[in-house]
Amino acid sequence: MPKWNNIGSISKYNNGNQWLVEIGKKPVALFKYNNNYYAIKNSCSHQGYPLAEGNLKDCMIECPLHGWVYDIRDGKCLSLPNKKTLTYQVREKNNSLEVFL
């Protein structure tokens, strides 16, 4: 059953704009864009390559393997309109970040 999972203090995510976090044994790609945090499945829909290793530009993450591009805000694949990846809610609570997974 999904629940809110604490992934650490917000200060841990002050530097940079993309991270790989593990919740249980599930890898999640975490991004910061316009001072908001977004979490998506850390796997490209094409061949499963880790999106946390991709090139982030504004709200778009590019898979480093074949260049598929996703909007981190809603998971939509901008390379192929019928594809998307899972997104997870992120919230700030008590100076920590939590992901609903």
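From the N terminus on, in what order do the elements of the protein chain run? After that, please look closely at the hairpin of β9 and β10.

Modeller: A word on the basis first. This is a predicted model, where local features need pLDDT of at least 70 and side-chain atom pairs count only at pLDDT 80 or more, while totals for chains, interfaces and linings use all residues. Residues are numbered from 1 along each chain as its sequence is written, and side-chain values use heavy atoms, with hydrogens and water left out.

Now the order. From the N terminus on, the elements run β-β-β-β-β-β-β-β-β-β. The chain has 10 strands and zero helices. Both are DSSP runs numbered from the N terminus: strands are E with at least two residues, helices H or I with at least four. The radius of gyration (over C-alpha atoms) is 13 Å. The globule rule, 2.2 Å times the number of residues to the power 0.38, also gives 13 Å for 101 residues, so the chain is as compact as a globular protein of that length. Buried residues make up 40% of the 101 residues. Buried means under 20% relative accessible area, exposed means over 50%, and partly exposed is in between (1.4 Å probe, protein chains only).

Now your hairpin. Strand β9 covers residues 90-93 and strand β10 covers residues 96-100. The two pair in the antiparallel sense over four bridges. For pairing, DSSP must find at least two bridges between two strands. Arg 91 has Glu 98 in β10 as its bridge partner. Two residues sit between the strands of this hairpin.

Asn 94 deserves a stop. Its place is in the loop between β9 and β10. Most residues other than glycine have a negative phi. Asn 94 is exposed, with a relative accessible area of 70%.

Compare the loop between β5 and β6. Asp 58 lies there. Asp 58 has a positive phi of about 55 degrees although it is not a glycine. Asp 58 is partly exposed, at 46% relative accessible area. Three bridges join β5 to β6 (residues 60-62), and the two run antiparallel. Lys 57 has Met 60 in β6 as its bridge partner.

The sheets complete the setting. β5-β6-β7 is the order of an open antiparallel sheet of three strands. Here β5 (55-57) and β7 (69-71) stand at the edges with a single partner strand each, so one side of each lacks a neighbour in the sheet. An open sheet of four strands has the order β2-β3-β4-β8, again with antiparallel pairing. Its edges are β2 (18-23) and β8 (87-88). Within it, β3 (residues 26-33) and β4 (residues 36-41) pair over six bridges.
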